[in-house]
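Thanks for making time for this.

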Amino acid sequence: MTDGGALESGTLLAARQGRLARLTLNRPGVLNALDRPTCRRIAACLAAWRDDPAVGTVLIDSASPRAFCAGGDLRAIRAILVGDGPDAAAAFFRACYRLVALLAAYPKPVVSFMDGITMGGGVGLGGHVRHRVVTERTMLAMPETAIGLTPDAGGSYILSRAPGLSGLRLALTGRRMGGEEAVAMGFADRVLPAGCLPELARELARRPAGEGVAMFASPGPSAGPAGAAGGADGDPAVDRLYDAPDVATIRRRLAGSAAPWAAADLAALERASPLALEVTFRAYFAARRLPDLNSVLEQEYRLVANLVRQPDFAEGVRARILDKDQAPGWLDPDQVPRAAAACFAPRADGLDLSPARAGAD
């Protein structure tokens, strides 16, 4: 591949410029939602560039200013689930999580431009690399509970390490963050003006990644004060309301709170799958005890592979994405405790993140 030449066109553009190898997501009609072919192509490019001495830095970005990546292709995943069964759907998540582990451990610096909408699997793609850039256009969230899933693609690792209990709040409500808050919560490293990104990409072609990124801005806002207060806005009520033994208690506290954001949080919980909320609550505290990203990815795979066996995911995608009636018929509350316990059960097909399997599906 020559400098400036494209390796392939279509949903993923791979090109080289100087010492920069660039992966550009190009599915604007679906906000760059990830499917298995795209995951495979990304993994193949990373494998080819790993030992190529001409490649100094890898950049992941989007061809569209509207979105970096809105997550997994939910329509496609649901179609696989309905047509081929839950194990086939779980295989998509397994491939995605292996790609996340590959990116996180990649020996060369990877830079992500999480400009625009970045959700779910988009966080997996851009949120675990060495240099994570967001902009004034960034809108980042982990909204899985609204469709009957739990934060995944390594998102629960970041959430469980966020200041105070702010990560639990984000995990349960799926609340959207701008660039500044994404840095404070640990999802990104720097906020840069979107207009600077083309110039930064040119600099990455001739400078080391850290030097190139540092040219454009100082690090984003410190998460220190937020850590003490429990929220990016420094509101101590976040910890007071979310430091609870269960989701039901959080709901009651939000209902009686005068905090200006409490009503919106409560409304988000009311829209979410009760099963997904229960699993997410337990998974958050379990992830806090796990030692590293790979351990959390292994937990996420077990949870998601078991969750897709429950009815809420297919129903959530139907109601939110397909029919858009916004009226999902969630699992009966009496069945939630048993179903949630089943999601934490071991699986025979666990997530193999050994180097030989990295990025494979």
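Two strands are taken to pair here if DSSP finds at least two bridges between them. With that in mind, strand β5, residues 110-114, and strand β7, residues 131-134, pair in the parallel sense over four bridges, and in that pairing V111 has H131 of β7 as its bridge partner. Please keep in mind throughout that what you see is a predicted model.

Those two strands belong to an open sheet of six, which runs in the order β1-β2-β3-β5-β7-β9 with mixed pairing. The edges are held by β1 and by β9, residues 190-191, and each of these has a single partner strand, so one side of each is left without a neighbour in the sheet.

Which residues of β1 are on the covered face, and which on the uncovered one? The covered face consists of L12, A14 and R16, while L13, A15 and Q17 make up the uncovered one.

An α-helix has 3.6 residues a turn, so residues three or four places apart point the same way.

Now to the empty spaces. Rolling a probe the size of a water molecule over the atoms shows where empty space is left. The structure holds one cavity of 30 Å³ or more, and the volume of the largest cavity is about 50 Å³. Its lining is made up of T150, P151, S156, L159, A171, T280, A283 and Y284. Within that lining, α5 (155-161) and α14 each supply at least two residues, and the largest share, three residues, comes from α14. Sorted by class, the lining of this cavity has five nonpolar and three polar residues, and no charged ones.

The largest pocket has a volume of about 1,100 Å³. How many residues line the largest pocket, and which lie nearest its centre? There are 43 lining residues, of which L74, M119, P143, I147 and I321 lie nearest the centre. By class, the lining of the largest pocket divides into 23 nonpolar, nine polar and eleven charged residues. The elements that each supply at least two residues of this lining are α2 (74-84), α3 (86-104), β6 (117-119), α6, α13 and α16.

T118 sits in strand β6, and T118 counts as buried, with a relative accessibility of 0%. Leaving aside neighbours within four places in sequence, the contacts of T118 are F68, C69, V123, M139, L140 and A141. D73, in turn, is found in the loop between β4 (67-69) and α2. Is D73 buried or exposed? At 11% relative accessibility, D73 counts as buried, because the cut-off for that class is under 20%. With its neighbours within four places in sequence again left aside, D73 is in contact with R27, A33 and L34.

L31 is not a glycine, yet L31 has a positive phi of about 55 degrees, and its place is in the loop between β2 (20-25) and α1 (36-50). Q326, also not a glycine, has a positive phi of about 55 degrees; Q326 lies in the loop between α16 (312-322) and α17 (336-343), and is partly exposed, with a relative accessible area of 44%.

Definitions and conventions. Residues are numbered from 1 along each chain as its sequence is written. This is a predicted model: local features need pLDDT of at least 70, side-chain atom pairs count only at pLDDT 80 or more; totals for chains, interfaces and linings use all residues. Side-chain values use heavy atoms; hydrogens and water are left out. Buried means under 20% relative accessible area, exposed over 50%, partly exposed in between (1.4 Å probe, protein chains only). On a 1 Å grid over the protein atoms alone, a cavity is a set of points where a 1.4 Å probe fits but cannot get out, and a pocket is an open set with protein on both sides within 12 Å along at least five of seven lines; lining residues have an atom within 4 Å of a point. Grid points are joined across faces, edges and corners, and a volume is the space filled by probe spheres set on the points. Ala, Val, Leu, Ile, Met, Phe, Trp, Tyr, Cys and Pro count as nonpolar, Asp, Glu, Lys and Arg as charged, and the others, Gly among them, as polar. Contact means heavy atoms within 4.5 Å.
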